[in-house]
Amino acid sequence: MLLNREQSGKRWHLRPDGVGKVTGKLQYLTDMTLPDMIHGRVLRSSYPYARIVSIDITGAEAMEGVFAVLTSKDVPGLNRFGIATPDQPVFCEDVVRYVGDAIAAVAADSPERAALALEAIRVEYEEWTPLDSTEAALAPGAPELHEHGPGNVLHRTEIKRGNIDEGFAACEHIVKETYYTPRQMHAYMETEGGLFVPEEDGRLHVYAATQHGYKDRMQLSRIIGCSEEDIRVVSSPIGGSFGGKDELNVQPYGALLALRSGRPVKMHNSRKESVRAGLKRHPMKIEMQTGISREGMIQAHRVRITADTGAYATLGAPVLNFCTEHCLGPYSIPHVDVEGISVYTNNGVSGEFRGFGGNQAIFAMEGQMDRLAEIVKMDPWEFRRRNMREKTDPGSLNQRILVTDGLSQVWEAMDRSELWQKHQHLPADPSLPPWIKRGVGAAIAMHGAGLGYGIPDPAGGRLSLNAEGKIEVAFSYEEFGQGLIATLEMMLCDLFHCSTSDLSIIIGDTDRVPHSGSSTASRSTTMAWMALQRLQAPFRSKILSVASTLSGIPADELITGIGGVWRKGQLPPAVTANDTTIDSRVVVSYVDLAKHGEAEEWTFDTHFEYPTTPDNVVGGHYLYTYAAVAAEVEVNTLTGEAKLLDTRHVVAAGPVINPMGFIGQIEGGSVMALGFTLTEDAVMQDSRYMTTNLDTYLIPTIRDIHTNLEVEAIEELPEGDPYGPRGIGEIGSVALAPAITAAIHQATGVWVNRLPVPRDQLIKSLDVQLQEGVNRS
């Protein structure tokens with residue numbers, strides 16, 4: 001089904017936060033202010049790698065208007081944070097490991113005074129030579145950046161299956177290639193920040209962007225040295241995250257400064273500060289050697305992954321796990337030898353990012369598929385079909401996964417698409433100058449959802465009728481632009497035939513919501529849907545039972561609807577909230593129902609775990625989303641510029657709850673993937689950022705984004721599937737890069753193995769081709 005307003009036939013739901021966002025009236029967490037608040041700033045390292053000889057804060061402490069100056073000596077609890085491995089100092093004690101490392105923090109009565117206080121702090125360093133690459137960090141004799149070693153290795157992974165040497169020996173053709181991917185910025189519009197408020201009762205209220213409020217609360221409690229219940233984290237709405245705010249950023253500093261000063265403290269990173277200290281996508285080097293039989297069947301696949309995790313761990317290990325799992329693609333391969341390593345360096349910290357290692361792995365694996373298809377002179381899409389896994393096959397870690405037809409469905413839909421058909425018969429355009437070349441490429445992907453086995457992945461939710469007579473749902477998820485609130489509204493309206501005016505949606509507030517896990521790993525939609533499936537029956541039964549008692553009408557003759565409980569058969573199929581006769585037809589209103597019984601009688605909770613593989617394979621996923629992407633690209637062979645002209649996404653992710661949100665996620669992921677492929681790279685030299693602001697970091701603009709994007713949703717799931725709609729926050733971002741590079745190859749004959757696509761390398765390759773042609777003639 002093509003998803004657009006004219007063709008889908010589905011209702012389109014206006015985002016409840018849409019007007020506030022486009023008018024600028026919506027208050028983000030970094031917009032919050034209080035009359036008596038002060039301003040916090042962090043002093044960060046001048047060097048990527050050095051010993052701290054001394055820190056002198058007396059000058060800053062003596063300044064008028066300065067309320068607090070903190071160093072490592074002022075951390076009452078654990079002077080470390082990290083969502084999985086707490087190895088990053090809140091304040092460095094004796095060594096700095098990257099240019100974003102925190103040395104001290106100040107709070108003053110104005111941002112300008114806080115900046116002057118930072119300048120008054122004197123730090124003496126003994127500069128050391130940074131480990132500015134994974135090769136340098138792994139070299140014999142390299143200094144160890146962390147005591148927990150061994151060496152500078154954060155994490156290792158492997159997949160071994162069959163006999164790799166025998167597999168290659170039996171191959172007719174072997175392709176060996178090394179792929180390189182960039183250090184990409186999340187580039188959210190709202191940089192890191194928030195408001196930190198010490199309350200009179202001794203509690204701390206934290207209003208700061210995060211994708212995991214409960215996890216932040218846990219980490220902050222360890223740093224502050226208090227109970228988790230002494231901290232309230234409000235984490236929504238957020239002006240973009242894409243994984244970049246899943247880890248603590250300004251929270252430790254704002255919290256400590258607020259508690260020391262006794263005043264509300266506001267922190268808000270400048271863009272330069274965000275670039276310097278914020279997380280990035282892991283740059284990776286992926287070496288692949290893949291062999292096929294004479295008939296074009298993959299026999300052997302050897303992979304070596306090297307990921308630069310930077311100075312600290314954050315989620316570097318799970319990212320490598322995910323990349324390892326996905327570097328086999330959706331293919332059946334008998335002989336496999338995969339090894340991955342995540343390496344500490346003195347570069348900026350790499351962490352969680354939309355796609356979570358899948359982008360790098362899929363770019364490399366799909367590149368191999370195109371190269372192999374060309375060797376055997378086979379259509380690349382047909383070559384993929386011959387090697388695709390069967391739906392009942394285990395996953396790449398040999399784990400059982402949920403059986404669906406998603407993979408074959410997206411392949412077939414793309415095979416018959418008009419855009420992909422152009423690949424075989426790309427028409428020449430006589431109106432184009434001879435240096436403009438066009439091509440079409442395609443790629444396919446299966447992408448795991450959820451955190452994977454071995455990582456705690458709690459889910460749940462709360463459904464109640466509150467005192468105001470609203471159907472209230474509460475989750476610990478956050479709204480950071482993905483349209484979660486609109487999706488929840490649509491789910492609830494479908495379940496209870498009610499209006500949005502009957503609803504109250506509470507998210508992202510640890511004082512008001514149950515622990516339902518993080519808003520990450522494309523899990524929120526599925527988990528919310530599953531929670532509501534569990535909660536709807538007891539909640540509806542309670543409502544109808546009380547309504548029956550109050551009205552004298554048997555419960556089996558009643559139904560929930562707009563404004564309250566109705567008689568069955570009297571609720572019109574197209575009733576609207578503007579219908580003036582609604583009140584007269586409601587048997588019992590939700591407001592009147594709420595007056596009967598205590599609040600706890602109207603409250604229903606559920607707790608469960610995100611579904612994981614029953615084979616208990618660490619890191620293995622159970623639920624997958626499938627996608628195929630085709631792209632038409634135009635290449636200027638004089639400048640090396642590649643321009644995306646047309647794309648088609650086919651996504652198998654179960655029922656589409658919110659069509660507008662579905663398209664928005666695929667469009668947004670596609671634009672982010674476009675930057676990953678063609679323009680974005682946070683360049684570092686000697687472990688220092690060369691791109692220090694967005695003026696030199698090339699995010700795709702509206703001029704780069706083509707308007708011809710089609711999204712086809714495949715909604716069918718096997719009968720009895722209990723998991724409902726899958727999240728699609730990442731699937732739109734993972735397969736565009738190989739589709740674009742395949743299109744570049746068709747246009748120019750040049751294989752691209754490095755992202756973003758290097759224009760100079762492309763021009764040089766084309767010059768070589770031209771010279772070879774001249775020599776032959």
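Which residues lie nearest the centre of the second largest pocket? They are Tyr180, Thr181, Arg183, Pro283 and Arg754, out of 25 residues in the lining. Before going on, a word on the ground rules: this is a predicted model, where local features need pLDDT of at least 70 and side-chain atom pairs count only at pLDDT 80 or more, while totals for chains, interfaces and linings use all residues. Residues are numbered from 1 along each chain as its sequence is written, and side-chain values use heavy atoms, with hydrogens and water left out.

**The pocket**

A pocket here is an open set of points on a 1 Å grid over the protein atoms alone, where a 1.4 Å probe fits, with protein on both sides within 12 Å along at least five of seven lines; lining residues have an atom within 4 Å of a point. The volume, meaning the space filled by probe spheres set on the points, is about 550 Å³ for the second largest pocket. Here is its lining by class:

| Class in the lining | Residues |
|---|---|
| Nonpolar (Ala, Val, Leu, Ile, Met, Phe, Trp, Tyr, Cys, Pro) | 10 residues |
| Polar (the others, Gly among them) | 7 residues |

Helices (H or I, at least four residues) and strands (E, at least two) are DSSP runs, numbered from the N terminus.

**Helix 3**

Helix 3 (residues 111-120) has Ala114, Ala117, Leu118 and Ala120 as its buried residues. They sit on the same side of helix 3, because they cover an arc of only 160 degrees around the axis, going by the directions from the helix axis to the C-beta atoms. Buried means under 20% relative accessible area and exposed over 50%, with a 1.4 Å probe and protein chains only. Glu112 and Glu119 are exposed on the face turned away from the buried side. Among the elements covering the buried residues are helix 2 (58-61), strand 7 (102-108) and strand 8 (122-127).

**Arg217**

Arg217 lies in helix 6 (residues 213-224) and is buried, with a relative accessible area of 10%. Leaving aside neighbours within four places in sequence, Arg217 is in contact (heavy atoms within 4.5 Å) with Glu228, Glu229, Ile231, Val233 and Thr510.

**The whole chain**

The protein chain has 20 helices and 30 strands. Of its 777 residues, 60% count as buried.
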